[in-house]
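Reader: I am new to this structure and would like a close look at one part of it. Please take the aromatic rings and what surrounds them.

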4 protein chains.
Amino acid sequence: MVAVVGGDPCTEEEADFAEALARLLPERGLGVVTGGLGGVMEAACRGAREAGGLTVGILPGANPGAANPFVEVAVPTGMGELRNGLVVRAAEVVVAVGGEYGTLSEIALALKAGKPVIGWRTWNLDRRPQGAQSIIAVTSAEEAAEKVGQALTSDGVS
Amino acid sequence: MVAVVGGDPCTEEEADFAEALARLLPERGLGVVTGGLGGVMEAACRGAREAGGLTVGILPGANPGAANPFVEVAVPTGMGELRNGLVVRAAEVVVAVGGEYGTLSEIALALKAGKPVIGWRTWNLDRRPQGAQSIIAVTSAEEAAEKVGQALTSDGVS
Amino acid sequence: MVAVVGGDPCTEEEADFAEALARLLPERGLGVVTGGLGGVMEAACRGAREAGGLTVGILPGANPGAANPFVEVAVPTGMGELRNGLVVRAAEVVVAVGGEYGTLSEIALALKAGKPVIGWRTWNLDRRPQGAQSIIAVTSAEEAAEKVGQALTSDGVS
Amino acid sequence: MVAVVGGDPCTEEEADFAEALARLLPERGLGVVTGGLGGVMEAACRGAREAGGLTVGILPGANPGAANPFVEVAVPTGMGELRNGLVVRAAEVVVAVGGEYGTLSEIALALKAGKPVIGWRTWNLDRRPQGAQSIIAVTSAEEAAEKVGQALTSDGVS
């Protein structure tokens, strides 16, 4: 599973990026996990579904009906923003698209867990703990999909 | 989604029941959510998959590889037994098959949340809070599937 | 820490029991942890505070102001009923006083974790998993306090 | 409650800052909540205890014995890094001291929740969501304590 995280709402460019990236994942045998709501989350789910992929939405509330219409498997948690950590745990790689503080928390938790984080127009981190990865910046959906593939087939991503 | 909860390990009869019940759910448009491990959880996932249904495993650990082989969507939580509450939250109806203390916690949390609980050879509860449901006892997988259907189409299950 | 769990609201007898028990814990060097709300939880906090003891309330919501006035340390979780598992984790022994389904979930999670559960007019469990403890029934607050002390000083409580 | 978050291990300067800050909080009627382990967490607990204050440690593991010796109330969660969100929820203000990715996740979750974050030699965030606060940078423990006080007595902190 690949987590796609980002703002809700988001800009049109962010939605286009998230959808285009997610469309490239099913052919690589990858499903998409998001926080299940709108903005980047919805765009990613839409892209993955259009390409025949699996989409999982890990929701902050307890009501599965709050999921965007492209979530195939809704996991309502009732844990609020604590569910950000579950989105990260459910994925092997995280792609961050723009985003605000919620997205930053997901980036941080993923890097803390040693999971590769690929970023497009997202936070720039000014510190890099010794021995740890930082965000891998990409400039296109194709490059992001390629980096996802590399991250999953190698021990380390530079 | 229907949660199927029960012991790990479990008896052969319990596994047969869980598998037979789960086999009847996809034709009703229902997926199965479990705690993702062995015993009743594995039997239910096997039955649902054999009938072409969706299976979700909400795991206690952080490693998705711990899921039984019939889990299609693994959600590793790293929350230990606290994940029992997430299994219940992810379902509209809970079916309890035998089971020990973990199963009892899931039954209690489901009833607390006002969700119907259908039970086969499971705990007998000696108290029933005012205005609350208790476990709906069944004697066969067919009856359980029927009660699940009734629970999802009515406001209350008697 | 000793968890005192039970209904909210509760009967006058239950409140009396919880308060009397909690009053006996500080002299044994024990603090009280509860779910932080009313009923049995509030009575236990009141008793412990009156005897100079520490009280911790692990709340279902995100607002610390929801704690009863006898909670010294409020831990708002925003996790709803999932916080029941945290109440159990925070304690070495659990005392159950009456109670409904939420209390039953706490009893079950504690027994699952191998923690001693002492009960007064609470659920009777009709099954006992092999090798596991069941609820230790008591008839007075003094007996409950004594059993708590035994549980904390021995490897096993019969 | 004031959360003090930061690295484990940490530098001597960071420990000195955390301890000096925490020592100033009890006289303001404030307790300290941390993640309960070493480094900045331990230094903050030590400072608060030396000044007679309350210290709460919300631990990643299920074992209360993992808390540093200056934690008065240990809350073992068994939730791993998800407990970072509980540390933030338990506080009205967060002070970040240096820190790595775990600290960054706590900063992000606090800002997401609209809670003031005061920082000393910690992450610099290059984005600031519209209408949201960013980190309030301070240069001394005294200034940090003053900013904490301001944050708690005003609706907004500039």
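Author: In this predicted model, Arg127(B) lies over the face of Trp123(C), at 5.7 Å from the ring centre. The charged end of Arg127(A) sits over the ring of Trp123(D), also with 5.7 Å to the ring centre.

With Tyr101(D) it forms a stacked pair, the centres being 5.7 Å apart and the planes at 25°. The angle counts as stacked because it is under 30 degrees. Tyr101(D) belongs to helix H4 (residues 101-112) of chain D, while Trp123(D) is in the loop between strand S6 (117-120) and strand S7 (136-137), so the pair ties together parts 22 residues apart in sequence. Tyr101(D) and Trp123(D) are both buried.

Over all chains, a search of the whole structure finds 8 aromatic pairs. One of them is in chain C: the ring centres of Phe17(C) and Trp120(C) are 4.4 Å apart and their planes make an angle of 10°, so this pair is stacked. It links distant parts of the chain, with Phe17(C) in helix H1 (residues 12-23) and Trp120(C) in strand S6 (residues 117-120), 103 residues apart. Phe17(C) and Trp120(C) are buried.

Notes:
Residues numbered from 1 in each chain as written. Chains lettered and ligands numbered in written order. Predicted model: local features only at pLDDT ≥ 70, side-chain atom pairs only at ≥ 80, totals over all residues. Heavy atoms only, no water. Phe/Tyr/Trp six-rings, centres within 6.5 Å; stacked < 30°, edge-to-face > 60°. Helix = DSSP H or I, 4+ residues; strand = E, 2+ residues; numbered from the N terminus. Buried < 20%, exposed > 50% of the residue type's maximum accessible area, 1.4 Å probe, protein only. Lys NZ or Arg CZ within 6 Å of the ring centre and 35° of its normal.
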